[in-house]
Amino acid sequence: MTKIIHNLESINEKINEAKKRAQVTQDVKIIAVTKQVSIERTSEAIEAGLIHLGENRPEGLLTKKGEFNNQAKWHYIGSLQTRKVKQVINEIDYLHSLDRLSLAEEINKRAINPVNCFIQANVSGEESKHGLSTEEVIPFIKSLQQYDKIRIIGLMTMAPNTDDETVIRKVFRDLKNLQQEVVKLNLPFAPCEELSMGMSNDFEIAVEEGATFVRIGTALVG
């Protein structure tokens with residue numbers, strides 16, 4: 001049994017246990033974060049049954065997509081520079097980092113088909129993190145109505161790098177509450193049913209708080 005298969009079994013078990021603890025039933029998709037991971041390792045991930053792969057640089061994305069193409073769903077999980085939109089926007093299935101109008105405008109100009117986008121929210125308020133403040137998210141989403149190539153499928157955030165579970169849980173819970181506010185708006189271009197939150201060190205808490213996508217690198221593919 002390969003290391004990735006072993007890791008995946010362990011992670012799936014932890015996800016199921018987290019769902020039981022919190023008595024939640026949402027489907028949770030695992031994004032294997034393959035940034036800085038070799039082609040061989042990425043191939044092993046796909047062979048293990050991982051179909052959602054996450055990259056954070058155009059070069060890494062395009063190299064791996066050239067190798068594996070339709071064997072995976074491609075997630076762009078890093079901050080995307082406006083000038084690099086044309087390189088990647090028609091090569092991905094999901095963008096996890098929409099956080100400014102200039103980026104939305106460029107996506108709308110370059111995309112051939114509507115793009116599944118997560119709004120990146122900086123719930124923790126850390127200066128080192130990208131994303132909109134909690135208060136900015138809903139006004140920003142409303143401003144996107146005119147862009148027919150943008151579909152807001154959910155919200156994304158990253159918790160602070162801390163061992164304090166209470167702090168981590170509050171960030172994820174606040175994002176869930178914000179997502180539910182967006183859903184109530186009933187905007188056709190922003191169904192906002194998904195939550196992208198949780199990484200190798202905190203995905204179990206994220207699942208308990210409603211995550212539908214978890215982005216796992218180190219604990220899964222090394």
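**A guided reading of the predicted model**

Asn186 sits in the loop between helix 7 and strand 7 (194–196), where helices (H or I, at least four residues) and strands (E, at least two) are DSSP runs numbered from the N terminus. The model is a predicted one, in which local features need pLDDT of at least 70, side-chain atom pairs count only at pLDDT 80 or more, and totals for chains, interfaces and linings use all residues. Residues are numbered from 1 along each chain as its sequence is written, and side-chain values use heavy atoms, with hydrogens and water left out.

Most residues other than glycine have a negative phi. Asn186, although not a glycine, has a positive phi of about 55°. Asn186 is also exposed, with a relative accessible area of 64%; exposed means over 50% relative accessible area, buried under 20%, and partly exposed in between (1.4 Å probe, protein chains only). Gln23 likewise has a positive phi of about 55° without being a glycine. Gln23 belongs to the loop between helix 1 (3–22) and strand 1 (29–33) and is exposed at a relative accessible area of 73%.

The structure holds 2 aromatic pairs, with rings of Phe, Tyr and Trp (its six-membered ring) pairing if their centres lie within 6.5 Å; planes under 30 degrees apart count as stacked, over 60 as edge-to-face and the rest as tilted. The ring centres of Phe118 and Phe213 are 5.7 Å apart and their planes stand at 85°, so this pair is edge-to-face. Because Phe118 lies in strand 5 (residues 115–120) and Phe213 in strand 8 (residues 213–216), the pair ties together parts that are 95 residues apart in sequence.
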